[in-house]
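Colleague: Could you take me through this one and tell me what stands behind each label you use? I would like to see the values set against the definitions.

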Amino acid sequence: MEANTLNVGFAEVGKLTNQQSLVLGLGVSGLAAAELARLQEGNVTVLDAGSSDTLDERAERLRDRDVCVHLDWNRPSWDEPVDLAILS
């Protein structure tokens, strides 16, 4: 494995510097995926159709790390380009 490669399960993911990651869902795994992508220097957006105190807390945690979070997302599509989509 190369120095700038992250081993995630069976896949190898290179550093996400300047890559746009879209995380769908802000449950426990979505939160972890967004944090990991951000740690890998990626630009991260998270979408979740729900809204709750727990989701609000997670959203604020991610926003403090420069992650763009949209709660109550009810649009049928995302119009911005993405390099990596993560369904959580």
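Colleague: What makes you say that A33 touches V23 and I86?

Modeller: Contact here means heavy atoms within 4.5 Å, and by that rule A33 touches V23 and I86, not counting residues up to four places away in sequence. This is a predicted model, where local features need pLDDT of at least 70 and side-chain atom pairs count only at pLDDT 80 or more, while totals for chains, interfaces and linings use all residues. Residues are numbered from 1 along each chain as its sequence is written, and side-chain values use heavy atoms, with hydrogens and water left out.

Colleague: Why is A33 called buried?

Modeller: Buried means under 20% relative accessible area, exposed means over 50%, and partly exposed lies in between (1.4 Å probe, protein chains only). A33 has 16% relative accessibility, so it counts as buried. A33 sits in helix α1, and its C-alpha is separated by 9.4 Å from that of L87, 54 residues away along the chain.

Colleague: Which other residues of α1 are buried, and what covers them?

Modeller: The buried residues in α1 are G30, L31, A33, A34, E35 and A37. Their cover includes β3 (20-24), β4 (43-47), α2 and β6 (84-87). These names come from DSSP runs, with helices being H or I of at least four residues and strands E of at least two, numbered from the N terminus.

Colleague: Why is the contact between R61 and E35 called a salt bridge?

Modeller: A salt bridge needs a side-chain nitrogen of Lys or Arg within 4 Å of a carboxyl oxygen of Asp or Glu. R61 and E35 come to 2.7 Å, N to O, and meet the rule. R61 lies in helix α2 (residues 53-63) and E35 in helix α1 (residues 28-39), so the pair ties together parts that are 26 residues apart in sequence. E35 is buried at 17% relative accessible area, whereas R61, at 38%, is partly exposed.

Colleague: Which other salt bridge does E35 form?

Modeller: E35 also meets R65, at 3.6 Å from N to O. This pair links distant parts of the chain, with E35 in helix α1 and R65 in the loop between α2 and β5 (68-70), 30 residues apart. R65 has a relative accessible area of 38% and is partly exposed.

Colleague: How many salt bridges are there by this rule?

Modeller: The count is 3. Another of them joins E60 to R63, with the closest N and O atoms 3.1 Å apart. E60 and R63 are 3 residues apart in helix α2, so about one helical turn separates them. E60 is partly exposed at 42%, and R63 is partly exposed at 35%. Through shared partners, salt bridges join E35, R61 and R65 into one network.

Colleague: What makes β3 and β4 a pair?

Modeller: Two strands pair if DSSP finds at least two bridges between them. β3 and β4 have 5 bridges and run parallel, with S21 opposite V44 in β4. β4 and β5 also run parallel, joined by 3 bridges, and V46 stands opposite V69 in β5. The chain crosses from β4 through α2 to β5 in a right-handed β-α-β crossover.

Colleague: Why is that crossover called right-handed?

Modeller: The label applies if, with the strands pointing away from the viewer, the path from the first strand over the helix to the second runs clockwise. β3, α1 and β4 make a right-handed unit as well.

Colleague: Which residues of the largest nonpolar core touch the most other members?

Modeller: Such a core is a set of buried Ala, Val, Leu, Ile, Met, Phe, Trp, Tyr and Cys residues joined through side-chain atoms within 4.5 Å. The largest has 15 residues, of which L26, V44, V46, L62 and V69 touch the most other members. α1, β4 and α2 each give two or more residues to this core, and α1 gives the most, with 4. β4 is mostly covered, with 4 of its 5 residues buried.
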